[in-house]
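Hello,

I am handing over the structure we discussed. My notes on its aromatic rings follow below the structure.

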Amino acid sequence: MNSTSYSSIPSDPNVKQLESPLNTRLRKLGLATIVVLVGSGVIASIVLLLTRHDNTPKHRNVIMMISDGFGPASETYARQYHGWREGLGIKSILPLDHIHVGHSRTQSSSSLITDSAAGATAFACALKSYNGAIGVDPTKKPCGTVLESAKVHHDMLTGLVVTSRITHATPASFSAHIDWRDKEPQIAEQQIGYNPLGRTVDLMFGGGECEFLSNTTDNSCRQDERDLFDEARDVFGWEVVGSRKEFDTISPESATLPLMALFSPDHMSYEIDRDPTQQPSLKEMVQKALGILDDKSRKSGKGFFLMIEGSRIDMAAHSNDPAAHFHDIYEYHETASAVIDYVKDHPDTVVISTSDHETGGFTLGRQLGESYPEYKWNPEVISRVRNSSEALARVWNEAVKSDTTSTGYLRKEIIANGLGIEDPTKEELERLASWKENNEDISVLENILADMVSRRALIGWTTHGHTAVDVNLYAFGEGTEWLRGSHENIEIGDFISKYLNLDLDDITDRLTTGWGKEEEDMEATIDVTAQISKHQLYHN
């Protein structure tokens, strides 16, 4: 556990401190007043006053929001584009801008540039680990997470809401312990309850059905015949929902926990491509989750911990796709607005929002040739895009496979209707037409299509991977003034632990005791830090 002093940062005198109501009342009374009261023989009155909790929340809730791959330049981009699109004044800002308190430093134990697994493990376990680590320390031993301690020590309600596979790096790091992020079938097993601690997650919304389906089933990602949906129901009592229609029928009062709702075999769609009849938005999933957790919390008298991830902000940046990037950022802001409103109505709740890292080396302003550039970028280019480069690449790939390609189809359906580009160059057309002949991966096709938009918008990218830049930190609620300024990402885990009175060391001890010989042998013989993740090869 990080040993940072929680009283070391100067605080705003107009904002409540993260301290007990008892200490607050003691300070207000003052020593002299206490002496006078004691001298008057009214000790009983003092005890009654100092132990009253009429205005103290019965429980506390934490909502941890993670905007995967979302850097500070992307925030500027979203704000400027939204303001341009809506005709707003220059003082207009987005919801998270209202609660911007500082920034988070992101390096992992193995690199100055982190991946999502190490980044999420830093939040969840309040410690640095290596790239690829899922809820384990640098020696590959399991580390207790804030979600697990909330459940085990305080019987709190817990939830994960994401737009990636639910077994992907960020949600996995709060709910599983494994040495390498690509072992998603095993992560799924731990999430439903096969864990030394038993089941610790009450609610999971997102994508990734394939990791739970038997390999005898279409769309399965598993190598075995286990049906984890059946096991989740039969062994651990999960209610499993698999469609938008079923999801819409669930009300906070009727919902039964544990509850799992997965809406796609793989990641959920980008917001720009999402079919609302098939998949809910991030905001809709979060509002449903908050309604359910709030209802169960009030009835049980227990608080809740909810982790929310805008997962696909990152994946759009990996493709250098500025249009898909914006739409997922804006949906994340819409979700944050709903969460902030909830916190305003529930003073026992705090929200923290930050990113695990920046992706893409994104920038506004791009020099395309040798000539000195104009100081500009072109938001109107983004406004004409109708689909993500991922979706368009799949369409063109299918056309190539079925031998139905033509220059006319490419120009009209993919470039004009999809990208909103009416002036493709000869070189761009030839590059797209020859893509398959070069035996290139579909991700290369995505990148080509995305760059056609970026070049015209004068948006720049330095990489298809991550960068080391600091990321914005947002927070709202009583006590969150401690998060003002510059913080290591592990300090966010420290804050949550302090706020909820958690004991991550105890959870780590319990996990280590329950860790089997098979896992220890595996960990001792495999150097995972030298491996390349599927995520690094192709951002799946």
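How many residues apart are Phe 326 and Tyr 330 in helix H13? They are 4 residues apart, and therefore separated by about one helical turn of H13 (residues 322-345). Please keep in mind that the model is predicted.

A search of the whole structure finds 17 aromatic pairs. One of them joins Tyr 77 and Trp 377, with 5.5 Å centre to centre and 65 degrees between the planes, an edge-to-face arrangement. This pair links distant parts of the chain, 300 residues apart. Tyr 77 belongs to helix H4 (residues 72-86), while Trp 377 is in the loop between strand S10 (363-364) and helix H14 (379-383). Both residues, Tyr 77 and Trp 377, are buried.

Phe 326 and Tyr 330 make a stacked aromatic pair, at 5.8 Å centre to centre and with 20 degrees between the planes. Phe 326 is buried, its relative accessible area being 0%. Tyr 330 has 22% relative accessibility and so counts as partly exposed, since buried requires under 20%.

Two arginines lie over ring faces. Arg 85 is placed over the face of Tyr 330, at 5.1 Å from the ring centre. Arg 312 is over the face of Tyr 270, at 3.8 Å from the ring centre.

Regards

Methods. Residues are numbered from 1 along each chain as its sequence is written. This is a predicted model: local features need pLDDT of at least 70, side-chain atom pairs count only at pLDDT 80 or more; totals for chains, interfaces and linings use all residues. Side-chain values use heavy atoms; hydrogens and water are left out. Rings of Phe, Tyr and Trp (its six-membered ring) pair if their centres lie within 6.5 Å; planes under 30 degrees apart count as stacked, over 60 as edge-to-face and the rest as tilted. Helices (H or I, at least four residues) and strands (E, at least two) are DSSP runs, numbered from the N terminus. Buried means under 20% relative accessible area, exposed over 50%, partly exposed in between (1.4 Å probe, protein chains only). A charge sits over a ring if NZ of Lys or CZ of Arg is within 6 Å of the ring centre and within 35 degrees of the ring normal.
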